[in-house]
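Please walk me through this model, starting at the ligand site and moving out to the strands and loops. Keep it brief.

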Amino acid sequence: MPNKISELKNNVDQEVTLAGWLYKGRSSGKVQFLIVRDGTGLCQCIVEKGKVSDELFEQLKHLGQESSLTVTGVVRTEERSVGGHELAVTAAEIISPATDYPITPKSHGTDFLLKNRHLHLRSQGQWCIGKIRHTVIDAIRRFFNDNGFTLIDTPIFTAMVGEDKQSLFEVDYFGEPLHLTQTGQLHLESAAMSFGKVYCFGPTFRAEKSKTRRHLTEFWMVEPEVAFTDLDELLELAENFVSFIVARVLGDNKSQLETLGADIAALEKIKPPFYRLTYTEAVDILTGEKTKQFMASQLEQLQNTKQQAESKITELEQQQKGQIKQWQKDKIAAELIELRGVLAETDTKIENNPKHAKLAAEFRWGKDLGGSDETIISQMHDKPIFVTHYPKDAKAFYMKTDRDDEKVVLNFDLLAPAGFGEIIGGSVREDDYEKLTAKIEKQGLEIKNYEWYLDLRKYGSVPHGGFGLGVERTVAWLTGEKHIRQCIAFPRMMDKVYI
Ligand code: 4AD
Ligand code: MG
């Protein structure tokens, strides 16, 4: 078995063999610097002329990016090197050479990278996100398993409309129309009446006709459901749960967060209690003076960012024209790609700012919060925010009306801070047979499909509730990724399924 890069700290001054792929190679005459990746990390391997055969030296010099190989050498500690260690190469074997690997270190467009996702998964960015996603999923299971929850696997084919009729994927089930599940919640409620505390965790499908950074058509959701609970207890469960996930990622994935440029200091603040706002308070904030001022100062900041990016671009373009070495040219070209990206993004934000400010100012009580409204509230906070008690007509049929104010339901959304937006939706469930029947009918759902669900309100109904957390949105928030399609290996979106 080859040694692993992540374990090299235990092999200092020893000879090891790594098996992996050539991530990057650079040669300066008598020395070559090969960065090798093996799935556990990156390691710089130094090949000196004379320390290996001339034939091998030449072969390695012309080896293409992503060729597979083994390298043998002595491990040295080198703080400046990626991963903190280096290999002084004594031997190497090329397993399968690669030529013209399509993803080069230069910047590629998003569309190109998505079409090449099967290869792009090997990039550092995708690798770091994949490792963090793995920790998030492990933490999710750990949290519920250690807190008395029983895992229940809920079906994917279903006749029930879990959330809304507009986003169903129909399937022909032996001649019967069924659809792919939008949530495991309804089935989970029946399991909660058997086990008390349960959770389901699986893929979820929504034919979302919006091409936003927050929507996939196939995403992973974890949903806990608890018998004998209330809204306050659910909020407490959610904030402990999210804080646990963040702590695990900070513990296990610091170096990946650093590589991705995530805001580690901001994540370190994510501890209970989170902020709590009612929907009505949120509406007051959106339509009030504070938001007006906030949006105006944001516009000013964006204009500053635009100016700075523009003058830096002009400066670099000047430098490009001068007498400079090839490596300097490459460096400037990469910086320019980055800066032009920032500029384009800032332009979009500048264009959207007044539109979003207007939407917020004109928001009227009764509507669901829109994406931009959530963004504004979330930008104003440094920790997650619970928004509770939404108008009942804006939300799903199963949510329990507040007996003290029948216009609203006992529900919550959890908004991740710094502009990210909703990562959790949850509620106390309507447990009264008559009220629930009336709501199902009002929403035009076929009562015959809900008879078993109504049974739960006939035979020992209890106050109960739960919530659903979207994995991709959580990973995007933690990693600072703008678009959630980067947070699942093979994303499915409305406009395209690439591979
Ligand atoms: O708010 P939602 O629709 O809630 C439910 O499905 C409830 N039945 C959950 C429950 O109470 N058991 O979805 C929950 C979460 C959202 O907050 C979001 O994180 C994620 O699922 N989500 C999506 N993620 C990616 N793409 C989409 N199209 C998503 N729709 C929802
Ligand atoms: Mg929601």
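Which atom of Gly425 lies 3.4 Å from an oxygen atom of ligand 1? A backbone N or O atom does.

## Basis

This is a predicted model: local features need pLDDT of at least 70, side-chain atom pairs count only at pLDDT 80 or more, and totals for chains, interfaces and linings use all residues. Residues are numbered from 1 along each chain as its sequence is written, chains are lettered from A and ligands numbered from 1 in the order in which they are written, and side-chain values use heavy atoms, with hydrogens and water left out.

## Contacts of ligand 1

Polar contacts here are pairs of N or O atoms within 3.5 Å; within protein, one must be able to donate a hydrogen and the other to accept it, and residues adjacent in sequence count only if both atoms are side-chain atoms. Glu422 places a polar side-chain atom 2.6 Å from an oxygen atom of ligand 1. Leu216 uses its backbone instead: a polar atom there is 2.9 Å from a nitrogen atom of the ligand. The protein covers 95% of the 620 Å² of accessible area that ligand 1 has on its own. Such areas come from the Shrake-Rupley method with a 1.4 Å probe; for residues, only the protein chains shown count as cover.

## The shell

A residue counts as near if one of its heavy atoms lies within 4 Å. There are 24 residues around ligand 1, and Glu163, Gln185, Arg206, Glu223 and Glu422 come nearest. By class, the shell splits into 8 nonpolar, 8 polar and 8 charged residues. Here Ala, Val, Leu, Ile, Met, Phe, Trp, Tyr, Cys and Pro are nonpolar, Asp, Glu, Lys and Arg are charged, and the others, Gly among them, are polar.

Strands are DSSP runs of E with at least two residues, and helices are runs of H or I with at least four, numbered from the N terminus. β11 (218-227), β17 (421-428) and β18 (464-470) each give two or more residues to the shell. β17 gives the most, with 5 residues.

Two strands pair if DSSP finds at least two bridges between them. An open sheet of 8 strands runs in the order β6-β10-β11-β18-β17-β16-β13-β12, with mixed pairing. β6 (150-151) and β12 (275-278) stand at the edges with a single partner strand each, so one side of each is left without a neighbour in the sheet.

β16 (residues 411-416) runs antiparallel to β17, joined by 6 bridges. Leu415 stands opposite Glu422 in β17.

## Strands around β9

β9 (residues 176-180) pairs with β7 (residues 157-158) in the antiparallel sense over 2 bridges. Phe157 has Leu180 as its bridge partner. β8 (residues 170-173) also pairs antiparallel with β9, over 4 bridges. Asp172 is bridged to Pro177, and Val171 stands opposite Leu178. The β8 and β9 hairpin has 2 residues between its strands, and Phe174 in the turn has a positive phi of about 50°.

## Backbone exceptions

Most residues other than glycine have a negative phi, and most peptide bonds are trans. Glu66 has a positive phi of about 75° although it is not a glycine. Glu66 sits in the loop between α1 (54-61) and β4 (68-77).

Pro272 and Pro273 are joined by a cis peptide bond, with omega about -5°. Pro273 belongs to the loop between α8 (264-268) and β12.
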